[in-house]
Amino acid sequence: MDQLYQLAQAMIHNDLAVLSNPNVTLMVSGVILCFLVMENGFIPTAFLPGDTLLILTGVLIYQDVLHMGIVPLLMVATFIGTAIGYLQGYFLGHTQMYHRLLSHIDDKHQKKALYLIDKYGILTLLVARYIPFVRTIYPYIIGATGVSWSRFLVINFISSVMWITPLVGFGYVISHSKLANEYQTQFMSIIVYLPIVLLVSGIVTLIYKWLRKKKKL
């Protein structure tokens with residue numbers, strides 16, 4: 001916990017000396033990669049902040065905290081997470097567990113995913129990557145419908161590249177802006193706190209839904 005606290009403090013205060021420590025860099029990379037696998041692969045963790053973490057990664061690459069070589073690893077983590085989701089849908093699609101997992105996601109997100117699938121089929125994943133929650137449940141639904149594994153892998157790979165590259169690139173580009181350089185501390189605070197706020201709000205929402213369901217029983 002002490003290391004995580006020091007990491008948070010270093011990021012907020014833009015302490016590049018601490019952030020450039022190989023052990024800290026490894027920890028940051030590990031957390032980001034794990035979050036991407038979990039957010040893309042498991043419905044209970046669909047609330048994790050994928051988009052904002054990718055933007056943060058771009059900022060950290062600009063500051064030489066992370067190496068550009070992490071980008072292919074982000075694509076691999078996303079690819080693996082989505083493949084795990086597909087396999088769960090494929091093997092559990094006709095079980096009660098599958099429906100229980102989907103019940104963790106609001107109806108509006110489920111309807112949006114089904115609408116996109118009806119309209120664009122498997123190509124939906126190219127669009128769904130940019131829609132939180134939908135990108136998590138989409139592979140489950142596709143796996144349950146029996147779409148071929150080989151076809152899914154190709155779309156999964158393309159969509160991973162199309163999601164990672166623009167968002168990491170956006171974080172890298174905005175770091176060059178005059179506003180970011182002028183208000184560096186405030187800029188870093190926003191970039192760091194945004195994923196944290198989304199993470200906390202996701203956990204709170206999850207606990208609230210669980211308590212509400214428990215109360216109805």
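## Close-ups of a predicted model

**View 1. The largest nonpolar core.** In this predicted model, the largest nonpolar core brings together 34 residues, and L36, L54, L60, L66, L74 and I164 are those with the most contacts inside it. Six helices show up here with at least two core residues each: α1 (2–12), α3 (22–41), α4, α5 (70–92), α10 (149–174) and α12. Helix α4 gives the largest share, 7 residues.

**View 2. Around L66.** Here we zoom in on L66, one of the residues with the most contacts inside the largest nonpolar core. Skip its neighbours within four places in sequence, and L66 is still in contact with T25, V28, S29 and I32, plus T57, L60 and I61. L60 is also on that most-contacts list for the core.

**View 3. V24 and its partners.** V24 sits in helix α3. Its relative accessibility is 14%, so V24 counts as buried. Leaving out residues up to four places away in sequence, V24 touches L7, V18 and L19. Take L7: 17 residues separate it from V24 in sequence, yet C-alpha to C-alpha the two are 7.1 Å apart in space.

**View 4. The cavity.** The structure has 1 cavity of 30 Å³ or more, and the largest cavity holds about 40 Å³ of space. Its lining is made up of V59, Y62, Q63, S175, A180, N181, Q184 and F187. By type, the lining splits into 4 nonpolar and 4 polar residues, with no charged ones.

**View 5. Helix α9, under cover.** Helix α9 spans residues 134–144 and is mostly covered, with 11 of its 11 residues buried. The buried run goes V134, R135, T136, I137, Y138, P139, Y140, I141, I142, G143 and A144. Just after α9 comes G146, with a positive phi of about 80 degrees.

**View 6. The annotated span.** An unreviewed UniProt entry lists residues 48–172 as "domain: VTT". In the model, this span is 78% helix and 0% strand, and its end C-alpha atoms are 21 Å apart.

Definitions and conventions: Residues numbered from 1 in each chain as written. Predicted model: local features only at pLDDT ≥ 70, side-chain atom pairs only at ≥ 80, totals over all residues. Heavy atoms only, no water. 1 Å grid on protein atoms, 1.4 Å probe; cavity = no way out; pocket = protein on both sides within 12 Å on 5 of 7 lines; lining within 4 Å. Points joined across faces, edges and corners; volume = space filled by probe spheres on them. Nonpolar A, V, L, I, M, F, W, Y, C, P; charged D, E, K, R; others polar. Buried < 20%, exposed > 50% of the residue type's maximum accessible area, 1.4 Å probe, protein only. Helix = DSSP H or I, 4+ residues; strand = E, 2+ residues; numbered from the N terminus. UniProt positions renumbered as here; feature names shortened; annotations may be inferred. Core = buried A, V, L, I, M, F, W, Y, C linked by side-chain atoms within 4.5 Å. Contact = heavy atoms within 4.5 Å.
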